[in-house]
Amino acid sequence: MYLTKEIKEALRKKRATLNLSKSDTAELLGINRLTYGQLENPDYNHRVQQSTYQKITQWLAKDY
């Protein structure tokens, strides 16, 4: 699975809104902090594991 530009932007916005560091966000999501740093990078376009994709989309959907 791939993260869209919209998902990456939503990650950055939610993290900023909650005033969380990348490390704090990664811990909250249950993923490695280095992995999270790569995912938020707009130029990073590699596949992510399905479990990582689910964790991210569920976290983003919590407020909606």
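Reader: Which residues does Ile 7 touch, leaving out those up to four places away in sequence?
Author: This is a predicted model. In it, Ile 7 touches Tyr 53, Ile 56, Thr 57 and Leu 60.

Reader: And what makes up the largest nonpolar core?
Author: It has 12 residues in all. Among them are Ile 7, Leu 11, Ala 26, Tyr 36, Ile 56 and Leu 60. Leu 3, Leu 29, Ile 31, Leu 39, Val 48 and Trp 59 also belong to it.

Reader: Which helices supply at least two residues each?
Author: H1, H2, H3 and H4, where H4 is residues 50-61.

Reader: Where does the largest share come from?
Author: From H4, with 3 residues. As a general point, nonpolar side chains tend to be buried together in soluble globular proteins.

Reader: Switching to charges. How many salt bridges are there?
Author: The count comes to 2. One joins Glu 9 to Lys 13, with the closest N and O atoms 2.9 Å apart. The other is between Glu 40 and Arg 15, at 2.8 Å, N to O.

Reader: Where do Glu 40 and Arg 15 sit?
Author: Glu 40 is in helix H3, residues 33-40, and Arg 15 is in helix H1, so this pair ties together parts that are 25 residues apart in sequence.

Reader: Is Glu 40 buried or exposed?
Author: Buried, because its relative accessibility is 5%, under the 20% cut-off. Arg 15 is buried too, with a relative accessible area of 17%.

Reader: Back to Glu 9 and Lys 13. How many residues apart are they?
Author: 4 residues, about one turn of the helix, and both lie in H1. Glu 9 counts as partly exposed, at 37% relative accessibility.

Reader: What about Lys 14, buried or exposed?
Author: Buried, because its relative accessibility is 10%. Lys 14 lies in H1, residues 5-17.

Reader: What is Lys 14 in contact with, leaving aside neighbours within four places in sequence?
Author: Trp 59, Leu 60, Lys 62 and Asp 63. Of these, Trp 59 and Leu 60 are in the largest nonpolar core.

Reader: Next, helix packing. At what angle do H2 and H3 pack?
Author: About 110°, with their axes 8 Å apart. H2 is residues 22-29. That angle makes H2 roughly perpendicular to H3.

Reader: Which residues meet there?
Author: From H2, Lys 22, Ser 23, Thr 25, Ala 26 and Leu 29. From H3, Arg 33, Tyr 36, Gly 37 and Glu 40.

Reader: How do the residues of that contact divide?
Author: Into 3 nonpolar, 3 polar and 3 charged. Glu 40 takes part in this contact and also in the salt bridge with Arg 15.

Technical notes: Residues numbered from 1 in each chain as written. Predicted model: local features only at pLDDT ≥ 70, side-chain atom pairs only at ≥ 80, totals over all residues. Heavy atoms only, no water. Buried < 20%, exposed > 50% of the residue type's maximum accessible area, 1.4 Å probe, protein only. Contact = heavy atoms within 4.5 Å. Salt bridge = Lys/Arg side-chain N within 4 Å of Asp/Glu carboxyl O. Axes fitted to C-alpha atoms, helices over the stretch in contact; angles between N-to-C directions. Parallel < 35°, antiparallel > 145°, perpendicular 65-115°, else oblique. Nonpolar A, V, L, I, M, F, W, Y, C, P; charged D, E, K, R; others polar. Core = buried A, V, L, I, M, F, W, Y, C linked by side-chain atoms within 4.5 Å.
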